[in-house]
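Hi,

I am passing a structure on to you, with a few notes to read beside it. Please open it first and have a look around before you read on.

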Amino acid sequence: MNATIESSAIIESFKMRAEAVSAQVQQVANKELAIELIVRLLHQEGVSDKPHCGAVWALSPMIGDAEKAKLQGAVPGLTFAVTRELAADAKVGISQMDWALANTGTLVQTADEVDKRLVSTLPLLHIAIVSTAALLPDLPAVLTRVDPRKSAYLSFITGPSRTADIERVLTIGVHGPERLIIVMVDELEVSA
Amino acid sequence: MTKEFKQSILDALANPNLSGALGNFSVAYRAGRAKAYEGIDFEALRTQIADVKGSAASHLDELAEQFARAAEAQGTKVFRTSDPNAVKDYILRLAQERGVKSIVKSKSMATEEIHLNKHLEKAGIDVQETDLGEWIIQLAGQTPSHMVMPAIHMTKEEVTEVFNDKVEEGQKPDIPKLVKFARGKLRSKFLAADMGISGANIAVAETGSIVIVTNEGNARLVTTLPRIHVAVVGLEKLIERFQDIAPILTALPKSATAQLLTSYVSIISGPVPNTDGTPKELHIILMDNRRNEMAHDPQFKQALQCIRCASCLNVCPVFRLVGGHVFGKVYTGGIGTILTAWFGALKESEDIQSLCIQCGNCKDVCPGKIDIPDLILELRRRLAVEQGQPKIQKAIFSVVNNRRLFHTMMRAASIGQIPFAKDGFIRHLPMFLSNLTENRSLPAIAEVPFRDRIKKIKQPKCAEKAAFYGGCLVDFAYPEMGEAVVNVLNKAGIEVIFPEGQTCCGAPARYSGAYEVAAQNGADNIKALLAEDVKYVVSACPTCTVALKQDFIANLEAVGRTDELPDARRLSEKVVDFSTLASQLLDQGRLKFKPRIEPTKFTYHDSCHFKRTLHADQTPRKLMKQAGYELVEMDECDMCCGMGGSYTLKMPEISAPILERKLVNIEKTGVPLVLIDCPGCVMQIGGGLDKRGSKVKVEHTVQRLAECLE
């Protein structure tokens with residue numbers, strides 16, 4: 001009982017913090033619903049096989065061969081074979097994150113594989129998938145869980161790319177995405 | 001002060017964009033920072049950071065060694081050097097050997113410090129800054145005016161002009177469109193670059209990791225797209241343990257931009273694959289450039305605790321008026337003054353150190369717990385030692401220290417018997433009683449100083465005695481404040497004596513870097529104030545109180561007069577400011593308030609030393625509320641009034657607008673009374689209001705309190 005209350009408080013905190021930095025958060029029950037939601041989002045965004053309309057998905061354990069085929073069938077223009085050229089041209093990038101931090105609304109990912117960074121940096125929209133069970137309270141909690149000797153590139157993402165360099169006016173979307181949609185999945189194995 | 005420097009100040013003050021942008025920012029920052037730190041114990045956090053960084057500063061060489069071993073074990077190439085030129089040569093040689101034609105950079109103060117771009121560009125390599133602010137100033141051919149927001153001094157119109165001139169015609173002053181334009185232009189540079197250069201915010205010795213913090217995402221691209229990544233890291237970025245990243249990363253965004261966390265943080269601990277599958281070439285350059293020397297300097301070692309958040313700039317009343325360029329080309333503001341003296345030369349800081357008004361705002365917010373104002377004083381002291389004390393200064397101190405002669409001179413001056421000449425003797429007085437100001441009226445110098453007036457006060461004989469330390473302002477300009485102190489203490493059954501041998505508190509000498517003079521002032525006062533056995537030594541001036549309580553000890557220590565320290569400490573224990581003593585006496589039931597019928601509204605101005613050194617700011621507020629007064633807080637109640645001792649004389653152009661802002665904030669409250677615990681602030685603010693023809697009354701707390709007691 002207490003554990004449930006605590007976990008719902010931590011989820012609420014994460015959502016509030018993430019939304020405060022202009023991310024959108026959607027929570028779904030399982031992988032199937034997450035995939036359905038993402039397909040719907042990609043259609044809404046007008047992803048297709050036309051130039052500059054693609055989507056790039058950095059592979060993660062949640063996507064097996066079956067899901068891959070299904071997704072590519074449903075969304076023409078979606079690719080899992082990420083290259084810098086495709087990522088630079090794509091509208092949407094999708095990747096799975098390893099942890100989320102409740103007190104700052106942050107996503108954390110071991111990102112040694114370059115695809116993971118390409119899809120979350122180059123397109124204008126980044127869809128980030130994270131397991132609800134991977135929610136941690138704060139920064140110190142995640143630092144005890146990673147071994148930098150094994151993960152040479154650790155990425156922290158808190159909201160979309162932003163700047164206030166001209167007259168201190170907050171402007172979203174400079175070099176990275178201008179939108180970040182976080183898909184929280186309740187029944188999803190924690191990847192790391 | 002050089003003519004060019006003075007001119008740069010005047011130019012900055014005349015630039016409305018600058019003061020407008022920075023003035024608004026300082027207000028927004030203050031509120032934003034407070035919100036970001038909500039629910040966090042800032043003192044505990046900064047103590048943790050100071051411990052982590054302070055301990056690292058004690059072991060810089062070992063940590064650098066450990067870092068290099070750990071990073072190399074992961075396949076990173078580490079280059080360690082103390083010489084900035086070696087850094088530039090290393091990067092240029094690497095670029096040439098690898099056929100690098102274009103470089104993208106994310107923001108790095110270390111590379112600004114060594115002017116890396118120029119070196120690479122001279123060799124024909126295209127170097128592109130990618131942080132939006134850095135890109136703008138690179139295009140404009142300028143230097144950063146702020147460590148975190150390098151182009152904060154420019155308006156959108158100026159940015160548009162730079163883009164139109166240097167990149168592509170047709171841009172309009174619309175900020176989102178300008179940002180989109182920059183995104184597009186820089187994207188192709190990112191994709192084409194052969195090498196990425198970054199700095200680092202933290203370097204972890206045990207794991208060989210670097211931590212890079214950005215909001216724009218440019219560092220992610222700089223470290224991801226080009227096949228070579230070079231990070232230039234100042235040794236002060238080293239910390240020992242991976243877990244110690246947490247406190248620094250918790251404080252840095254909150255202090256820098258009032259964010260809980262920046263959009264992006266990358267922790268890189270070794271080479272990772274490139275987009276073509278080849279391993280990335282990762283070079284980390286650990287640069288000393290006098291940081292080790294700093295670590296071995298007992299005073300300046302603490303400056304290595306800086307995490308480069310620039311909060312010392314954001315809260316500085318001087319910075320928000322003049323901006324960064326007045327400070328120099330690389331590091332600006334409070335910490336910048338110190339870094340410039342070290343990474344450049346002591347001499348380079350000669351002019352800029354004089355910008356500091358010693359209000360202590362920066363010390364209060366520094367997440368590295370650095371006593372920036374004190375280090376600036378230490379620079380001043382070393383400059384004075386290096387250059388010797390000017391003759392005129394010596395002559396002045398001899399007058400200041402002779403109280404009777406000093407009073408006679410000031411009195412003669414105030415009634416017009418000594419003509420003032422701008423470049424004459426009086427201009428150099430390290431005093432604030434001269435007539436030379438256009439922005440405020442001055443108090444008349446009392447015909448009879450307090451030291452003579454007290455002899456005429458009939459005091460009851462009491463068992464308990466307090467020695468009153470007047471200080472020049474109460475003694476010569478506001479003897480009525482001294483009389484009020486005697487009145488209140490007598491009511492509590494304390495007899496007040498005024499030891500004749502007391503002299504200047506030494507603050508003018510100390511703040512000019514003349515520590516020998518200041519130490520002698522201290523010694524003379526210690527002797528005078530300890531001559532009779534008193535329970536308290538009380539003062540109504542916070543600067544004097546701080547001198548008696550703390551600076552006498554520090555000054556004697558600084559000049560090696562250690563034999564006199566026990567007496568200095570004995571005095572220190574007896575010293576108390578008036579409001580704190582009054583509050584104690586009230587608590588003990590030795591003072592009682594008269595019943596009050598009509599509540600009077602007042603506002604309270606926090607004097608710098610009173611709040612930030614003595615931490616007594618709540619006491620007078622509480623006293624006056626107990627007396628039945630109603631407090632209406634003004635905006636920025638604890639912002640300096642621009643007095644700063646002799647600052648009004650040395651920097652009248654800066655002092656005047658600081659005062660102006662204070663007066664506006666006071667008038668906005670609409671109350672008829674300002675209470676203050678410092679006679680210097682009373683003089684500054686009282687004179688300012690008088691000149692404006694304002695009806696608001698200014699008093700020292702003691703004057704009003706005396707009226708409220710039975």
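For the complex, the predictor reports an ipTM of 0.97 and a pTM of 0.92. In chain B the average pLDDT is 92, and 95% of the residues reach at least 70. One stretch of chain B, residues 419-437, has a pLDDT below 50, although it makes 58 contacts in the model beyond near neighbours in sequence. Where pLDDT is low, the predicted coordinates should not be read in detail.

Now to a sheet in chain B. Four strands form an open sheet in the order E12-E11-E13-E14, and their pairing is parallel.

To see one pairing up close, go to strand E11 (residues 464-469) of chain B, which is joined to E12(B) by four bridges. There you will find Ala467(B) opposite Ile497(B) of E12(B).

Two helices of chain B are also worth a look. Helix H28 (residues 565-574) of chain B packs on the sheet, where it touches strands E13 (536-539) and E14 of chain B. The direction of H28 makes about 35° with that of E14(B). Helix H29 (residues 578-587) of chain B lies across E12, E13 and E14 of chain B, and runs at about 90° to E14(B).

Happy exploring!

How values were computed. Residues are numbered from 1 along each chain as its sequence is written. Chains are lettered from A and ligands numbered from 1 in the order in which they are written. This is a predicted model: local features need pLDDT of at least 70, side-chain atom pairs count only at pLDDT 80 or more; totals for chains, interfaces and linings use all residues. Side-chain values use heavy atoms; hydrogens and water are left out. Two strands pair if DSSP finds at least two bridges between them. Contact means heavy atoms within 4.5 Å. Axes are lines fitted to C-alpha atoms, for helices over the stretch in contact, and angles run from 0 to 180 degrees between N-to-C directions. pLDDT is the predictor's confidence in each residue, from 0 to 100.
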